[in-house]
Amino acid sequence: MFLNTLLVVLTDLAARLLGNTVFRQHFHLWLSAVVMFGPALSFWVSQHSVFAKRTHFLYRMFLRSGWGWTCIFAGSFIFLLSFSIRRSLSLSVRHLSRLGVAGGLWFGFCKLLYLLENTTGSCYEPLLASPDVANGQPMLVLREGESKSMCLKAGMVWRGYEVSEDVFLLCLCCLLLAEETAVFGPYLSLGGISDAPLRILFLFCVLLLGLWIFLLLCLLAYFPQFPTQLLGGALGCLSWRGLYQGWYRLGPSWCCPGRPGQGLLNTKTSSNEAEDAKLNHDHCN
């Protein structure tokens, strides 16, 4: 009983925070400020910390497969919530399709960024035996016809325009989780039934959101790269705005999955208009 009570209290508090209109209106602004000013933390953190090593467990276990973790927990929560309300597989798949669209957008941008880096960058081979007299650094000799992956595998140096894919992914995942879990608060306020499995999945999503924010701060503080991280954060915020603040607001159709919670929250209201009014109020920007 104690654990169940603790679960209810924690999930109710988290749902109230994530569903709060002020939080939803300003979360993307706060995240943008973190990306812009986060590298300043490098003046206060210790480079001898365990988080200053790219081989740390959190980086290897979660950051390299960040989209997979987001899909597992967010997808499970979306499916269980939608299916438990309507018992409609087609409706649940429609809500899950938002993850597919976001995943396709992320994958497409990663491919475009890879092509951009290979097109605009160049590979250089350092001559260790001939240091630069001016700054003590080895001279670099241009190696033509090398891709970025081949260049780095050969131990050479790659110079070119880059966008941080890690910051891009973390910002997109944070905004996606905030959007998808925010519907749980209005659902509880309307008297929706929430058993332990649904609350546990919601709590996992909240913890994952906290983990992504923590890893984002670690990357900005221990591995500052300006302006590549700033560009990655901007790309993540623009992707979220184009999807959740743009396309998904068109309403559910064969070409649009609709907003989170649309077609679900009206189970406890008198009409579809009441549901749409509440969604529009919660999604206002």
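1. Let's start with Thr 11, which sits in helix 1; helices here are DSSP runs of H or I with at least four residues, strands are runs of E with at least two, and both are numbered from the N terminus. Thr 11 counts as buried because its relative accessibility is 0%. The cut-offs are these: buried means under 20% relative accessible area, exposed means over 50%, and partly exposed is in between, with a 1.4 Å probe and protein chains only. Not counting residues up to four places away in sequence, Thr 11 touches Arg 199, Phe 202 and Leu 203, where a contact means heavy atoms within 4.5 Å.

2. Before you go further, keep in mind that this is a predicted model, in which local features need pLDDT of at least 70 and side-chain atom pairs count only at pLDDT 80 or more, while totals for chains, interfaces and linings use all residues. Residues are numbered from 1 along each chain as its sequence is written, and side-chain values use heavy atoms, with hydrogens and water left out.

3. How confident is the predictor? The average pLDDT (the predictor's confidence in each residue, from 0 to 100) is 86 for the protein, and 89% of the residues score at least 70. Residues 267–278 are a stretch to read with care: pLDDT stays under 50 there, and the model gives this stretch 19 contacts beyond four places in sequence.

4. Now the overall layout. The protein has eleven helices and three strands, and along the sequence they follow the pattern α-α-α-α-α-β-β-α-β-α-α-α-α-α. Of its 285 residues, 44% count as buried. Among the contacts with a separation of 6 or more, 73% are between residues 24 or more positions apart. The accessible surface comes to about 14,900 Å², and carbon and sulfur atoms hold 67% of that; such areas come from the Shrake-Rupley method with a 1.4 Å probe, and for residues only the protein chains shown count as cover.

5. Which residues have the most contacts inside the largest nonpolar core? They are Phe 77, Phe 184, Tyr 187, Trp 212, Leu 215 and Leu 216, in a core of 60 residues. Helix 9 (residues 196–222) gives the most to this core, with 16 residues. A second, separate core has five residues, including Val 163, Phe 168, Leu 172 and Leu 235. By "nonpolar core" I mean a set of buried Ala, Val, Leu, Ile, Met, Phe, Trp, Tyr and Cys residues joined through side-chain atoms within 4.5 Å.

6. Take a look at Leu 215 on its own. Leaving aside neighbours within four places in sequence, Leu 215 is in contact with Leu 58, Tyr 59, Phe 62, Leu 63 and Leu 170.

7. On to charges. Side chains of opposite charge can pair when their charged atoms come close. A salt bridge here is a side-chain nitrogen of Lys or Arg within 4 Å of a carboxyl oxygen of Asp or Glu, and that rule gives a count of four. One of them joins Asp 12 to Arg 199, with the closest N and O atoms 3.0 Å apart. Asp 12 lies in helix 1 and Arg 199 in helix 9, so this pair ties together parts 187 residues apart in sequence. Asp 12 is partly exposed at 24% relative accessibility, whereas Arg 199 is buried at 8%.

8. Another salt bridge pairs Glu 179 with Arg 24, at 2.8 Å from N to O. The two residues are 155 apart, with Glu 179 in helix 7 (residues 165–181) and Arg 24 in helix 2 (residues 21–37). Are they buried or exposed? Glu 179 is buried, with a relative accessible area of 6%, and Arg 24 is buried too, at 13%.

9. Asp 166 and Arg 54 also form a salt bridge, their closest N and O atoms being 3.4 Å apart. Asp 166 is partly exposed, at 26% relative accessible area, and so is Arg 54, at 38%.

10. Arg 86 lies in helix 4 (residues 66–86) and counts as partly exposed because its relative accessibility is 34%.
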